[in-house]
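Here's a quick tour of one protein model, written for someone who likes to check things in the viewer. Have the sequence and the coordinates open as you read.

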Amino acid sequence: MSPTPAKPGGTRIPSRRIVLRGAFTAAVVTGTAGALFPLLDREQTTAARPAPGPEAPGTGPGATTEEFAEMYRGREIRGTATVVVPAGASDDDRVAVAAEPVTEIRIDGRPLHVMRRADGTYLSDVRHYESYPTLLETARAAVDELGNARLAPPAAHHM
């Protein structure tokens, strides 16, 4: 290797290898800091957050529940969605870690099969071409579609 050439004024010009090594090191340090910052920031905001109050009745630790019951167009609609999250998960982690909720909707006591889509909306067997943002809206749309008809009783599965 030849030594780094000097400028006419006597100062040395850094080689391309040294410039690229410095740029790569700066990029690695910046990328690592950017990746670790949310983790470090979350610990500080978690420490500053007040302790959670008592849980809602009927929910155990690590469970989030959505419930509704109403009369809609002469039909009784009841529904629940329970999301189980790991014990000790922070409020921020509840959204990211939560598994698919266990949902149940009943119209006049008969179960309505509901599926959750990847975007968080719901669709039912009755209105399976359209999705709705909440379980309650899904149940209301099913009642609208059913009119005076009743849901069929659940089929028995035989193996």
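What follows goes from the overall layout to the core, then to the salt bridges and a few backbone details.

## Ground rules

This is a predicted model, so to speak of local features we ask for pLDDT of at least 70, and side-chain atom pairs count only at pLDDT 80 or more, while totals for chains, interfaces and linings use all residues. Residues are numbered from 1 along each chain as its sequence is written, and side-chain values use heavy atoms, with hydrogens and water left out.

## Overall layout

The protein has three helices and six strands, where helices (H or I, at least four residues) and strands (E, at least two) are DSSP runs numbered from the N terminus. Along the sequence they come in the pattern α-β-β-α-β-β-β-β-α.

Of the 159 residues, 19% count as buried. Buried means under 20% relative accessible area, exposed means over 50%, and partly exposed is in between (1.4 Å probe, protein chains only). The protein exposes about 11,800 Å², with carbon and sulfur atoms supplying 59% of it; these areas come from the Shrake-Rupley method with a 1.4 Å probe, and for residues only the protein chains shown count as cover. As for contacts (heavy atoms within 4.5 Å), take those with a separation of 6 or more: residues 24 or more positions apart account for 39% of them.

## The nonpolar core

A nonpolar core here is a set of buried Ala, Val, Leu, Ile, Met, Phe, Trp, Tyr and Cys residues joined through side-chain atoms within 4.5 Å. The largest one has 15 residues, and those with the most contacts inside it are F68, I77, I105, I107, L112, V114 and L135. At least two core residues come from each of β1 (63-72), β2 (75-84), β3 (102-107) and α3 (135-146). The largest share, five residues, belongs to α3.

Leaving aside neighbours within four places in sequence, I107 is in contact with R75, E76, L112, A139, A142, V143, L146 and L151.

## Helix α3

The buried residues of α3 are L135, T138, A139, A141, A142, V143 and L146. For the 12 residues of α3 that gives 16 Å, and the end C-alpha atoms are 16 Å apart, which agrees. Just after α3, G147 takes a positive phi of about 65 degrees.

## Salt bridges

Call it a salt bridge when a side-chain nitrogen of Lys or Arg is within 4 Å of a carboxyl oxygen of Asp or Glu; that rule gives eight of them. One joins R140 and E70 at 2.9 Å, N to O. This pair links distant parts of the chain, with R140 in helix α3 and E70 in strand β1, 70 residues apart. R140 is partly exposed at 29% relative accessible area, and E70 is partly exposed at 23%.

E104 and R106 also pair up, at 2.9 Å, N to O. E104 counts as partly exposed at 38% relative accessibility, and R106 does so at 32%. Another bridge runs between R127 and E130 at 2.7 Å, N to O. Salt bridges that share partners join R127, E130 and E145 into one network.

Is R75 buried or exposed? This arginine, found in strand β2, is buried, with a relative accessible area of 8%. Its side chain reaches the backbone oxygen of A149 at 2.3 Å, and a polar atom of that side chain lies 2.9 Å from the backbone oxygen of G147. Both are polar contacts, meaning N or O atoms within 3.5 Å; within protein, one must be able to donate a hydrogen and the other to accept it, and residues adjacent in sequence count only if both atoms are side-chain atoms. Beyond four places in sequence, the contacts of R75 include E70, I107, D108, V143 and L146.

## Positive phi in the loops

Most residues other than glycine have a negative phi. R73, not a glycine, has a positive phi of about 55 degrees. R73 is found in the loop between β1 and β2 and is exposed, at 65% relative accessible area.

D108 also has a positive phi of about 55 degrees without being a glycine. D108 lies in the loop between β3 and β4 (110-112) and is partly exposed, at 30%.

Conventions
Expected span 1.5 Å × (residues − 1).
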